[in-house]
Amino acid sequence: MLAMDGGHSTKKRGFCFMLVRSRIGQLILGLLAIFVLSTFISHYYISNFGADGELGYRSRSTKNHPEDADLDRVQCHELKGQITELRRIRGSVNNELRELESKRLSLQTEITKVKTHLEALRIEQENIEKNIKQLTLNLDQLKVEVDEFSNGDQQILKAPLRFIPSSIRIKAKSGTENDQFHICSMFTCFDFSRCSLLSPFLVYVYGLNSHFTDSNLNDFIKSSVYQAFDGNAHITSSPETACIYVAIFGEIFSEESPETIQNKINSLRYWNGDGLNHVLINLARSRSNVDLFHGVKTGRAIIVQSSFVETGFRRQFDIVVPPLLGNSDGEVWAELPPLNPIRRNYLLSFSGQFKDNANSIAAVHNNDIKKAGPQNYQSRTLQAALHVPILNSSVKHVQNELEDLESSIVQQLKLFESEGTEKLSFNFMCESGHETVGINGEWLLCGNENDRANILKQSTFSLIIAPANYTIISTTVFQARLYESLKSGAIPVILGDYAELPFSELLDWSKAVIILPKQRVTELYYLLRTLSNVDMMEFKRNGRRFWETYFGTSKSVVTTMLAVVRTRLNIPAPPVREEPSPTAVSNFIPVPQNLAPDPDEVTDEVLGPVEPPFPSQTFKQNYTVWTLRDPFNMPGDPFHLFPFLPFEKFLPSDSKFFGAGSGYRPINKGEGGSGKEFSESIGGNHPREQFTIVMLTYERSDVLIKAVTRLKGLPHLNKVIVVWNNPTVPSENLGWPEIGVPVVVVKMAKNSLNNRFLPFEDIQTEAVLSIDDDSHLRHDEIVFGFRVWREERDRIVGFPGRYHAWDPRHGGWHYNSNYTCEMSMVITGAAFFHKYYSYLYSYTMAAAIREKVDEYMNCEDIAMNFLVSHITRKPPVKVTSRWTFRCPGCPQQLALDESHFSERHKCINYFVEIYGYMPLLYTQYRADSILFKTRISHDKQKCFKFI
């Protein structure tokens, strides 16, 4: 065993010696030594890591002792304890950290709540400050209003009152000679006491109740005149209170002697011997109508007829009217050709034959009336006009002069035809066998009306030659030529400036007719060629309007005749009818609406004073000349008095500071300023005013309520009228918001888009904002639009723009809603317009247009744009950058229907046919506020922050 141990030991030592002596062995021993050393070093540091701060040096013996093992066990136990303690501490720290995190989150939540509360307080503070500014501004405005009222500056104007004169029973007198009344005037031959300025101009018509029993009276005259008078606002059945008395004498079927007509006149119950305040009417249905009152004593009565030949015409007293050649009533646009092309096939046309009868003239001179015949007036009236006896030689001399003048006219016209570069159509001889109408000394009508109309519709100008005898101021043939020319769209050119045109007291004929003395015939061709297309179109437009309004029907002729007498008396026309607007909501109780604030609304911008509702002043110009006469020469309705017009004149800027400033609110009392001062006053050139919102709705109550709610606090708002087109009445549970102004809900009997333009009696402001319930406008946009409208009050001012486009391939017009740099319409789903246009749209505009709107349930906005452009000859005004409106929460919209645009194309072309031309005009700009995108100093404010 020992030997084995010794051998083993010897082998062991040999192996170790080999390891020491070999390089590999040395390397292995080195690595082993390093490993052992690193182990001891690691153990040393690990052992001292857990000591209580003792980092002193501990000697280690290279020998293993039992106490060292015990020491390791103790240290290991201590190390475990320390690790356990560290884990406990870590857990405790983690718990504390979780508690701190929880507290942090709680504090952060509290901080968020505090911040939210502070933000709410800040917003509330801003709102309170805004409300304080608003209330201060309102109070300042109220103080100004109180001062104006205390100084008596407020004008209270109303429509004229109906004043009925005291009942005066007029008893007839007999045997009064009235030859002295051949020079009558309104001053000498009219009793103004029966026609007060405040009276309704009452008219009593003989035989109206019995439908005119005179069997010799033309049947058409009977029926059409009865219809015209029966619906007239001035007619009264009480002769005791009448201002004037009207009697119809013609046209008659068969000729009546002067004695018969005189007996009829004298039998008038209220004739009173001299016909004071009487109007005797001879209306011409045929072109051969003659002077009915020749040889009749008409006294102080006003004579109304087309032909003044023998009967002396008393200017500013007697009235020339056109013949009744049209229908009794109704629309006449379908009878008229289009106004384009402006230049037609013929530059000038004339057809007629001069009628002369020397034997008749001689017979008249020799007092042989039977030989002369009833229609030979050439020399008799000339002799009467000269107030001298005409000898045989003088008769021949005058006759020769008149014939020479007519001959020279014919020769000159033929020269134009042969040498001119323009096509002319002249015919100076009637074809044999064709009907001719006229009296001696005038140019006869040749052929029938259709043949004449065919030439006139091809003529740019139509020549009308007045009767050769310059004392004949009007004949039925002359008036018929004028009637036919206007109807055919040919511009009348009248040779003979002594002729009297119909209703010349009211109508400015220089706008529709070219009137020249006969001596100018040599320069006629040159003059006509100098006229521009613009001038010619204005002549044609005005001529068409005159014919449609005053000539086209019997009713228009009779109504205009009464208007002439009324205007002479300075009595205003009857007020236009207002559309009733009874509210459809019983027990209207506003309900607070808790809607989230609109993020688009600017909360800190004061846009103007929020004042109590007040109406616009009405009937400010009842008796001024331009109110009485100007409407007859403008498109529109001249037969009614409107409470206000968009064309009213305004004061110079300095007048308001020299005693005429009532109602005006100049910016910063006239000193001007930027945003702050601008928002405090309405400024401008007109007195302060408000606007009414008319909102159309149909079966979307939720959208409607939100739209009305958004209007709360809107400056300058007077009232909201909801046009309820729903078939059922509003629900009693529908919560209407409280917005600070009245909300009137009008239930319509018919679902029609025309309803949005009805002139409701509850619209008491000139400005109307027509808006759809799905059109979302900010307050600043509405206020800016209102301010712009105040400067362009005769135009439509709105937001989305559209235009009419010509189709060059197929002809005709298209409606276009694409983005464009040129527009001609503003959609009335969000637009301001004057209430005056509501009256015209509902009562004056062609009914065929409103019928087309109902047929398509479309195009009412196009119709309104047509109307306003036709009246003003101006395009609309677009404001801000809005081009369309979107309503994501709304039900299906009409504009999304496939047929929507197709119908609008058809509407435009149909409306052009009715008007006779395209009234829409283009514009290439929009309106923004003055300081928009302008850099200003930090201490100044812009007029609007985002406009």
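The following is a working chat about a predicted model.

Colleague: What should I know about the model before reading it?
Modeller: It is predicted, so local features need pLDDT of at least 70 and side-chain atom pairs count only at pLDDT 80 or more, while totals for chains, interfaces and linings use all residues. Residues are numbered from 1 along each chain as its sequence is written, and side-chain values use heavy atoms, with hydrogens and water left out.

Colleague: How many helices and strands are in the secondary structure?
Modeller: The protein has 23 helices and 24 strands, taken as DSSP runs numbered from the N terminus (helices H or I, at least four residues; strands E, at least two).

Colleague: And what share of the residues is buried?
Modeller: Of the 947 residues, 50% are buried. Buried means under 20% relative accessible area, exposed over 50% and partly exposed in between (1.4 Å probe, protein chains only).

Colleague: Changing topic, how many aromatic pairs are there?
Modeller: There are 41. Rings of Phe, Tyr and Trp (its six-membered ring) pair if their centres lie within 6.5 Å; planes under 30 degrees apart are stacked, over 60 edge-to-face and the rest tilted.

Colleague: Why is the pair of phenylalanine 866 and tyrosine 915 called tilted?
Modeller: Because their planes stand at 40 degrees, with the ring centres 6.0 Å apart. The pair links distant parts of the chain, 49 residues apart: phenylalanine 866 is in helix 22 (residues 860-872) and tyrosine 915 in helix 23 (residues 899-915).

Colleague: Are those two residues buried or exposed?
Modeller: Phenylalanine 866 and tyrosine 915 are both buried.

Colleague: Where is isoleucine 89?
Modeller: Isoleucine 89 is in helix 3 (residues 66-150). It counts as partly exposed because its relative accessibility is 37%.
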